[in-house]
Each structure stands twice: as structure tokens, then as C-alpha cells.
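Here's a friendly walk through this structure for anyone meeting it for the first time. Have the sequence and the 3D view open as you read.

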Amino acid sequence: MQKIIELSTQSENGLYDITGEVAKIVAESKVQTGIVNVYAQGATAAIMIQENWDDSVQRDVITLLRRLIPSGIWEHDAQDNNGDAHLKAGIIGASETIPIINGRMGLSRWQNIFFCEFDGPRDNRTVAVTII
Amino acid sequence: MQKIIELSTQSENGLYDITGEVAKIVAESKVQTGIVNVYAQGATAAIMIQENWDDSVQRDVITLLRRLIPSGIWEHDAQDNNGDAHLKAGIIGASETIPIINGRMGLSRWQNIFFCEFDGPRDNRTVAVTII
Amino acid sequence: MQKIIELSTQSENGLYDITGEVAKIVAESKVQTGIVNVYAQGATAAIMIQENWDDSVQRDVITLLRRLIPSGIWEHDAQDNNGDAHLKAGIIGASETIPIINGRMGLSRWQNIFFCEFDGPRDNRTVAVTII
């Protein structure tokens, strides 16, 4: 089973919790034991498993990546002025693969699935969800 | 086939080699060609493929992450005082997916599978191993 | 279906686009809906999804990793003098898992698959490609 999640992003850098949408697709699949691959279709976006008790960790992720990967100093900036966005996406990675255990995702209590936007805002971001 | 590996960790930051446990589950599955997904159930833990000739690379990983992600300076520290642990986990990632080739994991000679603890010690860490 | 891609690398640090080879294996498999796992067999190598409009992002990746992970300051250097290569590989990760949608990889327009060499040049690098 495979579905595409569509989302729009409102800021240049931001994390968007898509756990609920992925969980719904897992439930529809009726798969009891397996894996779900969550893949961000975009070379300036990524998927991260992270806590969502409040917004603090999400903001810390953005602060950390800005600190490690400053904007405006990359060779690619001569083309698109978004070299930092590509580098952030490359470091975090385009996908996560999560086990399905007894029909539900095997996330721990504090693990949520985030779409990471590094070159927003964008109207049409897509995430491919594939269940095996 | 799916199994949970349980482990306890003894330090705040540490890498634990779980290659043997994963290899045993792969052997039990009798799968000849496929993949094995190794997933750390915890938002302050991660999975890394890394060399295990001796302890040096493991210590270097911890040194590097402490250098890139200092403790005590994050917004999330106001809640749990473990903002750095969440960030380390997010950068390394919760899972790795490894090919099964002729009934064994397709690791190279120097590749081992490590559970990365970033907020220990913990008595009850779990890793979900799923074979497809 | 599973195949091994073989490649040689020409520099100490470099990104090599293997999208075409992976796409060919996906086409041969005739799988319409599924996933493809791309796995670098080497503890000083990695797989990254990244743009390939020109060489700029590839060079920026190497520049960034040299900046974050300098060479020559790691405990492991006493053995092999390649501590930085192991750390770069651990941060980027040994594999990526990509959806197959309607018989083709679900990459976005600017996403390509790169083998990342961090301890080259090497004559015999291998990447395992597994389709489910």
C-alpha cells in the first residue's frame, strides 16, 4: 500500500508533525507486522523522528542546523541562494523507515514523525508513505 | 519476522554494539534475500553503522557530537535538561535498513550496528528488528 | 531482487551519482509499488539523496563535512589516520530507502542518489541495491 501526503509549509525553516496522517495510512493497510517507509520528495526537505511534547525541540532543531550550516556561504548559493537548505536536507536524510508492530507503528511514547522544511514556504510538499 | 532487542545502558552517552543480536534474528528468519530494519524506540537514542575494531571510533563519535551539539544551551532544557540528547538522536536517526544477502547481513568487514545512547543510563532500552 | 553496483573513486572525498544504475535495477525488477534500499558497504562511505543540477552542492557537502569534522584530531587516527572518514560516514548514514511508485523511483525532480566517498581513492567500492 502506498499513499502520498500533501502539505504546505509556512516558514523558511520548520518542522511539521505528520504522525497522524502516517498512522491513518498504516491503519487502513491492515498490515500487522511490517515496515512503513516515509519519504520526503524534495532535495531541500527531510524526515526526522523527534519528540513533540511541545515546540521546544522543533525550534532547537532549527537553531542547531542554522548554527552548523549558516546560510549565504555556499558555492550553490550562486544558483539558487539555498545551499544551506540542500545541506540540511542531506544531513538529516530524505526518509525514515519505521516498524509496524501489532498493526501500529512501533514509535516510543515520545517519538513523532516530522516533515522538515528547509526552503519554504512551499504550497505543494509531498511525502510518499509505503507499507510493506 | 520481528523481534525486540532489550538492553540497558551504563553511561549518559555511549555506543553499544548489537550486531550479534541482529545477526541471530536474521539467521533465525531463514530469509536469504531481503532487508532488515533496525529501529531504536526512543527519542534520545539512535542507530549507527560504524567500525568496531576497537573503542576509538565509538569514543570519537561521542566527542564529535558533544562538540557539535553542546549541552545546556537549548530551549528544551527548560523541560527535561536533555535538549542535546534529542538533537543528537535527530541528526543520527532512529533506524538503519541493511540488506540480507545469501542469508546474512550485507555488512562490510568493518561495519557493525550500534545502539547510540544519548540520555542514559537507562534500564530498558528497546530496538525493534524487522525482517522483510 | 538484489544487485551489487561496483564503483571506483578518484579522490579522498567525493560524491558519485549512482541514480542511473539504481534506476536500471528498479526497471529490471518490474516492481510497480514498493521500496528500494541502497546500501553502501563500507564504514567510511555513505549514501545521500541530493541535487545534481551541477557540481556545486556536491562540493558544498564536502566543504561542510570538512568544516564540521576536521581531519587529524581523532582518537582513531592513531590506528588508520581516517577518523574523520568514519565520523562523516556515521553522520550521513550507510543507506537510503526510496519508494517505487508506478514502476519508477519516487524521487523528486532534483533528487539524485549519491555514493559518498570519505576515504578514497578506492578501486572496489560496492553498493547493495535491494528491491522489495
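Let's begin with a term: a residue is buried when its relative accessible area is under 20%, exposed when it is over 50%, and partly exposed in between, using a 1.4 Å probe and protein chains only. By that scale, B:Asp55 is partly exposed, at 42% relative accessibility.

Some ground rules come next. The model is predicted, so to speak of local features takes pLDDT of at least 70 and side-chain atom pairs count only at pLDDT 80 or more, while totals for chains, interfaces and linings use all residues. Residues are numbered from 1 along each chain as its sequence is written, chains are lettered from A and ligands numbered from 1 in the order in which they are written, and side-chain values use heavy atoms, with hydrogens and water left out.

**How the chains relate**

Still, the copies use different surfaces: 17% of the contact residues of chain B recur in chain A, where contact means heavy atoms within 4.5 Å.

**A helix on the inside**

Helices (H or I, at least four residues) and strands (E, at least two) are DSSP runs, numbered from the N terminus. Just past H3(A), A:Gly93 has a positive phi of about 100 degrees.

**Salt bridges**

Here a salt bridge is a side-chain nitrogen of Lys or Arg within 4 Å of a carboxyl oxygen of Asp or Glu. Over all chains, the structure holds 18 salt bridges. Three of them are listed here.

| Pair | Closest N to O |
|---|---|
| B:Arg59 and B:Asp55 | 3.8 Å |
| C:Glu28 and C:Lys3 | 2.9 Å |

C:Glu28 sits in helix H1 (residues 19-29) of chain C and C:Lys3 in strand S1 (residues 2-7), so this pair ties together parts 25 residues apart in sequence. C:Glu28 is partly exposed at 36%, and C:Lys3 is partly exposed at 35%. There is also a network in which salt bridges with shared partners join A:Asp55, A:Arg59 and B:Glu75. Back in chain B, B:Arg59 is partly exposed at 41% relative accessibility.

**The largest pocket**

A pocket is an open set of points on a 1 Å grid over the protein atoms alone, where a 1.4 Å probe fits, with protein on both sides within 12 Å along at least five of seven lines; lining residues have an atom within 4 Å of a point. The largest one has a volume of about 260 Å³, volume being the space filled by probe spheres set on the points, which are joined across faces, edges and corners. Of its 18 lining residues, the closest to the centre are A:Ala43, A:Thr44, A:Arg122, C:Glu51 and C:Trp110.
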